[in-house]
Amino acid sequence: MVGEAGGYQLWDTPDGRYWAPAGEYSLFWVLAELERKPYAENRQNLLRGKVVLDCGAHLGVFTRQALRAGA
């Protein structure tokens, strides 16, 4: 953990920094799940130029992955 403000904790991870509610540790489960690449090319159409809607917007992990893919 890097810092804390307004009921949130800033975590420094290998994937970058994420703000999460204090006491919420699901970030690590989500990052571990993404190691399996569930949204890899040709599986979920996470491709350059595609439009992606992140309706869950839990911690922004998927959004960051989509942006890195160029979607």
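Strand 2 and strand 3 form a hairpin, with two residues between them. This is a predicted model, so the confidence figures come next. The protein chain has a mean pLDDT of 81. Of its residues, 85% reach 70 or more. Among the elements of the chain, strand 2 (residues 8-13) has the highest mean pLDDT, at 91. Strand 1 (residues 3-5) has the lowest, at 72.

Strand 3 covers residues 16-21. Strand 2 pairs with strand 3 in the antiparallel sense, over six bridges. Gln9 stands opposite Ala20 in strand 3. Trp11 stands opposite Tyr18 in strand 3.

Several of these residues return in the core. Which residues make up the largest nonpolar core? Eight residues do: Trp11, Tyr18, Ala20, Leu27, Leu31, Leu34, Leu59 and Val61. Trp11 and Tyr18, which stand opposite each other, are both members of this core. Ala20 belongs to the core as well, and its place in strand 3 is opposite Gln9. Strand 3 and helix 1 are the elements that give two or more residues to the core. Helix 1 gives the most, with three residues.

Now follow helix 1, which spans residues 26-34. Its buried residues are Ser26, Leu27, Leu31 and Leu34.

Ser26 deserves a separate look. It is found in helix 1 and is one of the buried residues there. Is Ser26 buried or exposed by its accessibility? Its relative accessibility is 18%, and buried means under 20%, so Ser26 counts as buried. Leaving aside neighbours within four places in sequence, Ser26 is in contact with His58 and Leu59. The side chains of Ser26 and His58 are joined by a polar contact of 3.4 Å. Leu59, the other contact of Ser26, is a member of the largest nonpolar core.

Definitions and conventions: Residues numbered from 1 in each chain as written. Predicted model: local features only at pLDDT ≥ 70, side-chain atom pairs only at ≥ 80, totals over all residues. Heavy atoms only, no water. Helix = DSSP H or I, 4+ residues; strand = E, 2+ residues; numbered from the N terminus. Buried < 20%, exposed > 50% of the residue type's maximum accessible area, 1.4 Å probe, protein only. Polar contact = N/O pair within 3.5 Å; in protein donor to acceptor, adjacent residues only side chain to side chain. Contact = heavy atoms within 4.5 Å. pLDDT = per-residue confidence, 0-100. Pairing = 2+ DSSP bridges. Core = buried A, V, L, I, M, F, W, Y, C linked by side-chain atoms within 4.5 Å.
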